[in-house]
Amino acid sequence: MALGRDYQRLRFDRAGRVLTVTIDTPGAMNPVDGRLHHELAALFPDLGADADSDVVVLTGAEPGFCAGGDMAWFQSMIDEPARFRAIAADAKRIILGALEMEKPLVCRMNGPAAGLGASLALLCDIIVAADTASIGDPHVKMGLVAGDGGAVLWPQIIGYPRAKELLLTGDMVAAPRAAEIGLINDAVPAAALDDRVDALTAKLVGGARWAQRWTKAAINLPLRDLANRISEAAIAYEMITQASPDHGEAVAAFGDRRPPRFTGG
């Protein structure tokens, strides 16, 4: 089942009126490559138009949720900067697409959610994580601005002081701590994750469909407004840093398995 589109990096499974979308890309922890990025830009409008579902669950193929940008993809955009410019519109579509979709969107965070993976988790309405999972936006550790959702979402969820600390350090946060500070809804033992998600989706499916959808739509109005005003600037800043020596150094250091030596360039 492909929702009328040729999805290659996303899998779809139905259980009654619940549709589970699984991020499944080559490599450890489902990194984002060009194909997945393009599919995510189309995903949320397609989900909204799917007549056979009322609740959507977003998860990752085991053992992780989504590790953020794939290093080979990053290197390809360093080699050909036009490739990064070409994804800017899709980056905004991902953010606004998720915020505009009226169906309840539940994140089953089964492992690390980093970078764009963290933004995907935080764009969900309810986030339930395994207590072994973690979440963070390490854009700065890659010499990049957190342009694909981080600058919009984190301050609204946990406040500016905590958001600035985590976005400026790029540190990952263990799921129990993320739940404690209100970044996610709940952290449960990994063995109990499916039961918790199933109970939650059953409650949502049993609710009043349009009351739920339009309550979400009303809640998201200020977030949509912020995303419209902030995303283009944040993505533009990220585009500038994508061409910086520090970003190139971070990608090279990752490949060499060493700490990056940033020069401020």
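**Notebook: strands and cysteines**

I began with strand S3 (residues 55-60) and found that three bridges join S3 to S4, the two running parallel. Strands here are DSSP runs of E with at least two residues, helices are runs of H or I with at least four, and both are numbered from the N terminus. I count two strands as paired if DSSP finds at least two bridges between them.

A note to myself on the source: this is a predicted model, where local features need pLDDT of at least 70, side-chain atom pairs count only at pLDDT 80 or more, and totals for chains, interfaces and linings use all residues. Residues are numbered from 1 along each chain as its sequence is written, and side-chain values use heavy atoms, with hydrogens and water left out.

**Entry: around S4**

Then I turned to S6 (residues 126-130), which pairs with S4 in the parallel sense over four bridges. Arg-108 has Val-128 as its bridge partner in S6.

Is S4 buried or exposed? Five of the five residues of S4 (residues 105-109) are buried, where buried means under 20% relative accessible area, exposed over 50% and partly exposed in between, with a 1.4 Å probe and protein chains only. In a regular strand, side chains alternate between the two faces of the sheet. I checked both faces of S4: Leu-105, Cys-107 and Met-109 are buried on one side, and Val-106 and Arg-108 are buried on the other.

I followed S1 (residues 10-15) into S2 and found an antiparallel pair joined by six bridges. Asp-13 has Thr-20 as its bridge partner in S2. The two strands form a hairpin with two residues between them, and Gly-16 in the turn has a positive phi of about 65°.

S2 (residues 18-23) has five of its six residues buried, so the rest of the structure largely encloses this strand. S2 also pairs with S3, in the parallel sense, over six bridges. From S2 the chain crosses through helix H1 (residues 34-49) to S3, a right-handed β-α-β crossover: with the strands pointing away from the viewer, the path from the first strand over the helix to the second runs clockwise.

**Entry: cysteines**

How many disulfides does the structure hold? I found zero, taking a disulfide as a pair of cysteine sulfur atoms within 2.5 Å. Cys-66 is buried, at 0% relative accessibility. For Cys-124 the closest cysteine sulfur is also in Cys-107, at 4.6 Å, again too far for a bond. Cys-124 is buried as well, with a relative accessible area of 6%.
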